[in-house]
Amino acid sequence: MSPSNKRKSPPSDREETSPEPSSKRQATTEPEKTPSTEPPAAAPTQQDRLARFKALQARAKSSSSQNLKEATKESQRLASDPSQLNAVTRKHAIASHKLLKAEIEDSGGDFERKRAWDWTIEESERWDKRVKKKEAHRDDTAFRDYQRQSEKTYKRQLKNMGAPDLERYTREKMAAIEKAAAEGTLEIVETEDGEMIAVDRDGTFFSTADSTNFAQHKPDKAAVDRLVEDLRKAEEASLKKRRERQAKNGEDNGDVTYINEKNKQFNQKLARFYNKYTAEIRESFERGTMV
């Protein structure tokens, strides 16, 4: 049989199903990568730098104006609040005193002698008297006896009352004189030496041992409120001292339940372990509802 008449065998199944090379398969399946469309980061231009500089200038101007407003408010507050102004003045005086003392001592001078040149003898004596009084008051803070303690309390209460109202006193005095003169109980009498004196017939103006007019005086509401406030402060101070004394002695409620120090320690130990169990019973005893 001639070569031309030979039948060509069909391709085998292995040849039809043979896999393609991996490189060819990847080339056909992976999509093509497109170049990125994002532009590269550009360097800041002159306009950007100018805009940023203007923003910083605006921020600095705003901060400066805000600081000026706060300083103005602080100045107004110090001017309206005397206590704050006094505190600032005191701090300034102390700082000036320390600075002057350091400068004089560094130069080898005597600070007390240099400082005495600015004061007169009268001013120096008044200052020494004030310092001595202050030191005596500081040393007198401890308890001495009940009489001294009562005197200190009395002086403190007088100090807290404030200055007397002289205008009101003069006004009430003139009204009382006019009333007594209108009723005929107050007469003006001339003495032998020519002095004019007022004679109170029934003791309505010049009080005597037999006068009862002082009992008719009625204080105003402000004076009554001040008295009530003083009594309340005194009661609070007494309770505070009592609580401090009880805390110092280890007493919670102030009831004395011991006869000596050993018994006191034993009661405290019992209270420490059993008070949480007997709280309801003790409260019932205090209310009077215990059966």
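Trainee: How many residues apart are Arg232 and Glu236 in helix H9?

Mentor: Four residues, so Arg232 and Glu236 sit about one helical turn apart in helix H9. Helices here are DSSP runs of H or I with at least four residues, strands are E runs of at least two, and both are numbered from the N terminus. This is a predicted model: local features need pLDDT of at least 70, side-chain atom pairs count only at pLDDT 80 or more, and totals for chains, interfaces and linings use all residues. Residues are numbered from 1 along each chain as its sequence is written, and side-chain values use heavy atoms, leaving out hydrogens and water.

Trainee: What do the side chains of Arg232 and Glu236 form?

Mentor: A salt bridge, at 2.5 Å from N to O. The term means a side-chain nitrogen of Lys or Arg within 4 Å of a carboxyl oxygen of Asp or Glu.

Trainee: Why can that spacing work in a helix?

Mentor: An α-helix has 3.6 residues a turn, so residues three or four places apart point the same way. Side chains of opposite charge can then pair when their charged atoms come close.

Trainee: How many salt bridges are in the whole structure?

Mentor: Seven. One of them joins Lys155 to Glu151, with the closest N and O atoms 3.5 Å apart. These two are four residues apart in helix H7 (residues 146-161), so about one helical turn separates them. Lys155 has a relative accessible area of 49%, and Glu151 has 35%.

Trainee: Which residues are linked in a network with Glu151 and Lys155?

Mentor: Arg148 joins them in a network of salt bridges.

Trainee: And which residue does Arg168 meet in a salt bridge?

Mentor: Asp220, at 3.1 Å from N to O. That pair links distant parts of the chain, 52 residues apart. Arg168 is in helix H8 (residues 166-183), while Asp220 lies in the loop between strand E2 (196-200) and helix H9 (221-249). Arg168 is partly exposed at 27%, and Asp220 at 30%.

Terms used
Buried < 20%, exposed > 50% of the residue type's maximum accessible area, 1.4 Å probe, protein only.
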